Amino acid sequence: MPSTRYVFLDPIGASTGGWLSVIMNAPTGVVYQTQYGGTACRPGAVEGYLVPIFGDEPDEGLRDLFELHFQGAGTRGHDWNDAELTRLRTLIAEVEYWVCDGRDETPHPLVLDERLLHEVDEAWIPVSTPDGPGILTWMNSD
């Protein structure tokens, strides 16, 4: 039986550019770890596989929401008002998740997993994809 492998995304904060990925929940034996929550610096880990997200600054709106509106202090357990929740849903839906069946690729919008709204934080957003549940993550602002 193979042992669990751990991959820490941007372990020393040395990334010079932005990045955005979905960690898909799946029994792979690989656990992706990352820091999230702005200055709260929370540790997160999900077993699965990593799907990179590409595009022109796909994390720009999310960074604006969490770093400017919420001032980078984290939002775990936040009581989202209607305007904030609408903005979050819209920003998540603007992220294209590409599904591939081995021959063809098609883009689909991500969907905020509102059952897990209490877990939403900067750089850690539970989402639904055509491939199942995952965590949308990006470079934490701390």
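Is A123 buried or exposed, and at what relative accessibility?

Reply: The model is predicted, and for that reason local features need pLDDT of at least 70 and side-chain atom pairs count only at pLDDT 80 or more, while totals for chains, interfaces and linings use all residues. Residues are numbered from 1 along each chain as its sequence is written, and side-chain values use heavy atoms, with hydrogens and water left out.

A123 counts as buried because its relative accessibility is 0%; buried means under 20% relative accessible area, exposed over 50%, and partly exposed in between, with a 1.4 Å probe and protein chains only. A123 lies in the loop between β7 (111-112) and β8 (125-129), where helices (H or I, at least four residues) and strands (E, at least two) are DSSP runs numbered from the N terminus. Although A123 is a residue other than glycine, its phi is positive, near 70°.

C41 is not a glycine, yet has a positive phi of about 50°. This residue sits in the loop between β3 (30-36) and β4 (42-52). With 33% relative accessibility, C41 counts as partly exposed.

A further residue is E84, which belongs to helix α2 (residues 82-93). Beyond its neighbours within four places in sequence, E84 is in contact (heavy atoms within 4.5 Å) with H69, F70, H78 and D79.
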